[in-house]
Amino acid sequence: MTSTVEGSGPTAPTGPVSVRLRGIGKRFPGVIANDDIDIDVHRGTIHAIVGENGAGKSTLMKILYGVQPPDSGTIEIDGEQVRLSSPADAIRHGVGMVFQHFMLADNLTVLENVVLGAEKLHGIGGAARAEIARISAAYGLDIHPDTLVEDLGVGARQRVEILKVLYRGARIVILDEPTAVLVPQEVEELFANLQGLKREGLSVIFISHKLDEVLSVADEITVIRRGTTVRTVSPSEVTARQLAELMVGSELPSPSTETSTVTDQVLLSVRDLTLPVPSGRPLLDAVSFDIHRGEVLGIAGVEGNGQAELVESIMGMRPAATGTVSLDGQDIGGLSVRRRREAGIGYVPEDRHRHGLLLDAPLWENRILGHQTRSPSVKGPLIDKAGARSDTQRIIEQYDVRTPGADVLARALSGGNQQKLIVGREMSGDPVLLIAAHPTRGVDVGAQAAIWDHIKAARREGLAVLLISADLDELIGLSDRIEVILRGRLVGTFDPAHVTPEQLGSAMTGAGDDTEVSA
Amino acid sequence: MTPRMTKLLLGLSAPVLALVAAFAITSLVLLIAGDPVGGVWGEILSVPEGRNIANIVNSASVLYLSGIAVAIGFRMNLFNIGVDGQYRVAAFTAAVVAGEAWLPGYLNTVLAIVCAMAVGALWAGIAGVLRATRGVSEVISTIMLNFIATSLVAFLLRKAAVREEGSNNIGTKEIPEGSRIPSFSFGDGPGQEIYGFVVIAVLVGVLYWFLLGSTRFGFDLRATGRSTTAAVASGISVTKMVVAAMLLSGAVAGLVGMPLLFGESYTYGSTFQSGLGFAGIAIALLGRNHPVGVAIGALLFAFLNEQSNPLQILVGVSPDIVAITQGVIVLTVVVSYELVRRYGVRLEQQSVARALESERAQREEVTA
Amino acid sequence: MRRNKKLASIFAVSILALGATACGGDDGGSDNAGDGASSGGGASSDVKVGMAYDVGGRGDQSFNDSAAAGLDKATDEFGFESQESEATDGEAESAREERLVTFAEAGYDPVIAVGFAYAEALGKVSEQYPDTHFAIIDDSSLADSPNVASLTFAEEQGSFLVGAAAALKTEADHIGFVGGVETPLIQKFQAGYEAGAQAVNPDITIDVTYLSQPPDFSGFGDPAKGKTAAEGMFDGGADIVYHAAGGSGGGVFEAASEAGGKAIGVDSDQYETADDSVKDVIMTSMLKNVDVAVYEYLSKVADGDFPAGQTTYDLAVDGVGYSTSGGQIDDIVDQLDDYKQQIIDGDITVPTEPTS
């Protein structure tokens, strides 16, 4: 299974190995997170590690960053075998990590954020400022020590995180899904920065599941599946599709839509939806759109531009919202969440752990959630346990939820299976409108394909879908129409058949003010 | 081992673990205090006499109602510290109503009990409304309401009190004989009588179990307790549930003093038992909010309380040892349940992982 | 979130457990068992005395301690064996019953119940154990039972005398009374005090305050409340304050000391037991000799006689009185003794309930 193709590709690096992992294994009770992982990261290269969700990438990174000790195997850094028992250990050996979620204090300056916890290195004054300026210049990070972090954009904040790691003396920088939060333009800037690190002789370990990005930036790619290294390849010798197949171990789906099923019947009509804030810019500003039966409307936008508020306002969870929302001609503006659900709105929430599931309840109870007033889960004022159980079993089968049974706690399932259960539940009771917020986020490729299939199938049946996603490929592939949301306003309509991710990216950041309406 | 067997074993291991740990720690405390370890355990583990059994059951029924009142809140993640104040306000009201005897016989009893539940619910409802509309933590507001209850009852008791010749007690008018709830006798010895109200306590337990486990309302309540955010997204009005849960908790709290009032003292006075609400918190924790678990917890507490006198008089240890034992048991139970719960979750994740593994293996065989 | 709640619960319960421990008093049976079981003195006897204290038990520096002193004196002198048990705060009626029953079952005879809270329980238990002899302090509702001795005190008579003393000593014609808990028992103190003061000066101003109302008994153990109440009286012009507030009395003394006024103690001679810093303000104390009552009862038991019915310890038998330690009232002792004699002779009948 394991084959390390060292030096086999044309551009394969040959420099000294800065990180060598051999036979790394980590077991959690009942789960083998890592099993016999072998990776060589060469100095001055960008080494990507790709794999499905749950393949063991994060466990591996935690081991390398000293958060968890491995059960077996060895770690060598610059030829010297080391034991990393804490992140402080890791830093001491020159390993630094940039997490997906930034750990910066908004109300402090860059300088303050960087020196926080590393005061001993260069103090907190002039020496530290000079060092930050030096690093910024050397690696082309374009960071000014005295800027307030709250004034920085997402990309700049990420560069601050990288700077923090370099300031602490890291020679090996691990980036966990760094592009997940970035728009395409910012991704390019990040990649330029990574090239800068590489030029200075640093090693970069880049974790991602976005294969196109990996192929464009990495010097070497290691694919992990089910806890072990499948292969290490050079980007020049594989296509994205081959990589994906290595990851999944089988053939791949794509999110492409089939022929349009859009009808001319307006199902959801939103007019002037505004969500005022007592002081400041409204979170939603006069949002208006229609969704027809059989239509998927995609909403693109950088996170935090009103997507969550839009969804919650339509669901009735934001009482302060003004404007009209009508479903199938009926004004539902005054209805409670429960009435709206009863009227036929299915809801796949953005954060399935917070909004979609009762993690410590069995699956069949989760089946009832959101359907407390509808059969087959209830009979009058009573819960119909048998009905809920058997319908959960139906969802488990139809949606391929991998679980030993309906009595398992939701917490025990993997993210993808949890999400399939939610989609299955929200598709129950014949909804007329499905609101799906990031339906495949954090879900493995197999589950992703299954969820796409279900959405497409329901659309054929005449379901209207409001799709929120940060994955532009998913938006373009599934939607019949894409609206871009920026600062709470819809700023442009695009036809997915003709738009590129870059165009969407410009609209999302407000870069192209001359909004092209290419629909 | 079948999953059901595993569950059962896991369920049993927690209390066993807790009791063993409590036994060890208490013995250690006794040793340090220089008390006779053997004598203490000999006394605690001796077969109780008839009147002791009656006392234990009677006292447990009171503690049980308190535990259930607290458990209703707990199931929704509401920390109703105020059961103590709620039951005192309610018991006082019921004592006055029943003592005045506006209605004849058992009608009087029923009216008094309904009043107690209503007053208990109202008192708890204040905290519920404050939480729902103003976001005031129910912990803070119920603690404050306890203080207010203490003063209010004291003030009203002075107004309503009647005095018996030669006694320095003060209390409300005695409940007429026709409105008292008769006790069951289970032996000839003195004191071998069990409150008739025990039946109602059991009924409350059954209703609690049914309401939470089998009704839509119960589902909404539990769902809100498990995740407020998921509850909101599923269409549950959390503010309504907060008020409803507090009202319900308070209504049951209103029943707490009833076994004592109608089965023992027939009056609310300066010697009426206090502190029952706080015991209820410990008992709800001990019983994991489960109707049967709470019953076991209540019996255990009543049993330990009953040991207090013989331990002092016959063995010569301090009553504090009993209090320490109670505290130790609650702590060990909470800790051991958490340990067992985590272990159970891991077991389940293992079984899910195994199921997945074998499926994947099959899938790969097919594709291979 | 879940985790936090859980931690909070554990925390809360730990506090409760600690609270329960604290409430139980820190000086319970364990060491008393040793004290009691040993029979001091030269004499020895088959008599086993059971002593059921009220909340606080031995070591409360008040009522229970006074009873314990009587018990100790009797056991030393007569060689009794004794065992003690104390009530926990807010306990069930059945627990009090059970305490008495356990004593009776274990062969303790007599069993002394300290405090009126035992009245109801004793009513039941004395019927169940007709061959055991009981005594109860501060309650006379069981005076008709053949096997119960009710030991009560004429607190109003002692209070009358300190009331008279206050009226004789005040320079402002303005005095005060701080009651611990507004129970009928404490109202007896108030009634006697008022009557005594008015006997001296019918126009005297008397401020009256109670620190708590039953069933809240915190007024007997809250010096801060006592101080606040007394400060109010001194600020209002009173110059002497009498307290019948158990442990809260310390606060009254402090207030008197700070205001330059005087205070009157209660139950025992508090001049002897009070902190040096406040000693000087205690001009006298109303003595309620619970120890005398317990000792006298037990000395009769030693003679083979179990008294029943009510015994009132009044001025005539020195069951109540006033103290003269410190010498602050030496100049009015004659006048007070005159009142005392009038009460003993029945020329003055002291009311037991306040007129207002």
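**Domains, contacts and a sheet**

A: The domain assignment of chain B gives domain 1 (1-35 + 319-368) and domain 2 (51-317), with the bounds coming from an automatic or database domain assignment. This is a predicted model, in which local features need pLDDT of at least 70 and side-chain atom pairs count only at pLDDT 80 or more, while totals for chains, interfaces and linings use all residues. Residues are numbered from 1 along each chain as its sequence is written, and chains are lettered from A and ligands numbered from 1 in the order in which they are written.

Q: How many Å apart are the C-alpha centres of domain 1 and domain 2 of chain B?

A: Those centres lie 31 Å apart. In terms of contacts (C-beta atoms, placed from the backbone, within 7 Å), 11 residues of domain 1 of chain B meet 12 residues of domain 2 of chain B. The domain 1 side has 8 nonpolar, 2 polar and 1 charged residues, where Ala, Val, Leu, Ile, Met, Phe, Trp, Tyr, Cys and Pro count as nonpolar, Asp, Glu, Lys and Arg as charged, and the others, Gly among them, as polar.

Q: And how many residues of chain B are in contact with chain A?

A: There, 29 residues of chain B are in contact with 35 residues of chain A. On the chain B side, the elements giving two or more residues are α8 (216-226), α9 (228-233) and α14 (319-367), with helices (H or I, at least four residues) and strands (E, at least two) taken as DSSP runs numbered from the N terminus. The largest share, 14 residues, comes from α14(B), and by class this side has 10 nonpolar, 11 polar and 8 charged residues.

Q: Switching to chain C, what is the strand order in the open sheet of 6 strands?

A: The order is β7-β6-β8-β9-β10-β12 (chain C), with mixed pairing, where two strands pair if DSSP finds at least two bridges between them. The twist averages 15° from one strand to the next.

Q: Why is one side of β7 and of β12 of chain C left without a neighbour in the sheet?

A: β7 (205-212) and β12 (320-322) of chain C stand at the edges, and each has a single partner strand, so one side of each has no neighbour in the sheet.

Q: Which way do β6 and β8 of chain C run, parallel or antiparallel?

A: Strand β6 (residues 174-181) and strand β8 (residues 240-244) of chain C run parallel, joined by 5 bridges; C:Gly179, for example, has C:Ala244 in β8(C) as its bridge partner.

Terms used:
Contact = placed C-beta atoms within 7 Å. Axes fitted to C-alpha atoms, helices over the stretch in contact; angles between N-to-C directions.
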